Amino acid sequence: GELPAGELPAGELPAGEAPAVQPVGAVSADALLELQHVWDWSSMAKEMLQPFTVFTREMLDAAVATCFDNGTMYCARAQVHRGSLYLTDYRAIFFDRHYAPARVWPLLAALRRHRDLPDVDIVVAGNDEPRVPAFPGVGSSWAKTCRRWPGEKGGPLPPAIFASTTSRGVMDLPWLDFAWYFPRKPHKLRTPPWSVLHPQLVEAGGKVRWEDKLEIAMHTGNVGSPFRKRLAAAAAAHPD
C-alpha cells in the first residue's frame with residue numbers, strides 16, 4: 001500500500017541529510033591527527049622486539065657486517081658495562097661536531113635516568129634505507145628473507161640492528177633520529193618544527209601566481225645511494 005504523507009521508505013533519508021552513524025572504519029582526519037599526539041613508547045618497543053627473543057653474538061656480528069653496505073651515514077656498536085658506555089665507530093661518511101653527539105645521547109640519557117641499567121650490547125646505524133628489508137605480502141621478498149634468515153628452523157636470525165629508518169615492513173629496530181637532539185646554537189641542522197615551517201611555506205607559495213611558478217625541483221644532500229644517483233643523472237641530462 002501507499003505510505004502516509006511525509007514518510008519515506010525504510011533506509012532512505014531526506015535529500016541532503018547525512019546518516020547519524022558513520023560506517024564502520026570511517027575515521028575523521030582530525031581524529032587520526034589527534035592520535036599522533038600520544039606515543040606509547042613501551043608498547044611500541046615491545047611490539048617491534050617481538051621477533052627477537054634473544055640477541056646472539058652471531059646476530060650482532062651480522063649487524064656489524066651490514067654497516068659496510070652502501071647507504072649507512074654512520075654505524076657504531078654501543079656497549080654498556082657496569083654503568084659505563086663504550087662506543088666503537090665502524091663507519092661515518094662525515095663528522096660534524098653538532099651531529100655526532102646524537103649517536104650517543106639516547107643511551108647517555110637512559111644511563112642518567114636508570115642508574116641500574118643492565119649491560120647492553122647493540123649496533124646502531126644512521127641510514128636512509130633499512131638494513132634488514134623484509135616485506136610480508138610480497139611473495140618473492142618474503143621467500144628471500146626466510147631463506148636468508150630461517151630463524152627457528154635452526155638457521156641464523158636476522159641481524160639485530162637499530163636504525164633511524166624503519167617501518168612495519170622491515171626488521172630494523174627503531175632508533176631515535178638525530179633530529180631529536182638538535183644543536184642548541186644556530187646551525188644548519190637546527191630547523192624549525194614542521195608546525196612552524198608548514199604555514200610559512202603555504203604563505204610563501206601563495207604569493208606567487210601559479211602561472212609564474214617554475215617547473216624546477218631542488219635537492220640537497222649527498223648522492224651516494226643508487227636512487228639519488230639516478231636523480232642526479234636525470235638532472236644532468238636535463239640542465240634546463
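**Overview**

The accessible surface of the protein comes to about 18,000 Å², of which 59% belongs to carbon and sulfur atoms; accessible areas come from the Shrake-Rupley method with a 1.4 Å probe, and for residues only the protein chains shown count as cover. This is a predicted model, in which local features need pLDDT of at least 70 and side-chain atom pairs count only at pLDDT 80 or more, while totals for chains, interfaces and linings use all residues. Residues are numbered from 1 along each chain as its sequence is written, and side-chain values use heavy atoms, with hydrogens and water left out.

**Fold**

- The protein has seven helices and five strands, where helices (H or I, at least four residues) and strands (E, at least two) are DSSP runs numbered from the N terminus.
- Read from the N terminus, the order of the elements is α-α-α-β-β-α-β-α-β-β-α-α.
- Of the 240 residues in the protein, 23% are buried; buried means under 20% relative accessible area, exposed over 50%, and partly exposed in between (1.4 Å probe, protein chains only).
- Among contacts between residues at least 6 apart in sequence, 59% join residues at least 24 apart, a contact being heavy atoms within 4.5 Å.

**Nonpolar cores**

- In soluble globular proteins, nonpolar side chains tend to be buried together.
- A nonpolar core is here a set of buried Ala, Val, Leu, Ile, Met, Phe, Trp, Tyr and Cys residues joined through side-chain atoms within 4.5 Å.
- The largest nonpolar core has 13 residues, of which L107, I122, V124, F162, L173 and W175 touch the most other members.
- Two or more residues of this core come from each of β1 (72–81), α4 (105–113) and β3 (120–127).
- Another core, of 10 residues, lies apart from it and includes A63, V64, A125 and W149.
- V124 is in contact with Y74, C75, A76, F162 and W175, leaving aside its neighbours within four places in sequence.

**Aromatic pair**

- The count comes to one aromatic pair, under a rule by which rings of Phe, Tyr and Trp (its six-membered ring) pair if their centres lie within 6.5 Å, with planes under 30 degrees apart counted as stacked, over 60 as edge-to-face and the rest as tilted.
- The ring centres of F162 and W175 are 5.7 Å apart and the planes are at 70 degrees, so the pair is edge-to-face.
- F162 lies in strand β4 (residues 161–163) and W175 in the loop between β5 (173–174) and α6 (194–206), so the pair ties together parts that are 13 residues apart in sequence.
- Both F162 and W175 are buried.

**Disulfide**

- One disulfide is found in a search of the whole structure, a disulfide being a pair of cysteine sulfur atoms within 2.5 Å.
- C67 is joined to C75, with an S to S distance of 1.9 Å.
- The torsion about the S-S bond of C67 and C75 is about -45 degrees, so this disulfide is left-handed.
- Both C67 and C75 are buried.

- T66 lies in helix α3 (residues 57–66) and counts as buried at 6% relative accessibility.
- The side chain of T66 reaches the backbone oxygen of A63 at 2.5 Å.
- D172 is placed in the loop between β4 and β5 and is buried, with a relative accessible area of 1%.
- A polar atom of the D172 side chain lies 2.7 Å from the backbone nitrogen of V132.
- Leaving aside neighbours within four places in sequence, D172 is in contact with residues including M48, P130, R131, I161 and T165.

Note on methods: A polar contact is a pair of N or O atoms within 3.5 Å; within protein, one must be able to donate a hydrogen and the other to accept it, and residues adjacent in sequence count only if both atoms are side-chain atoms.
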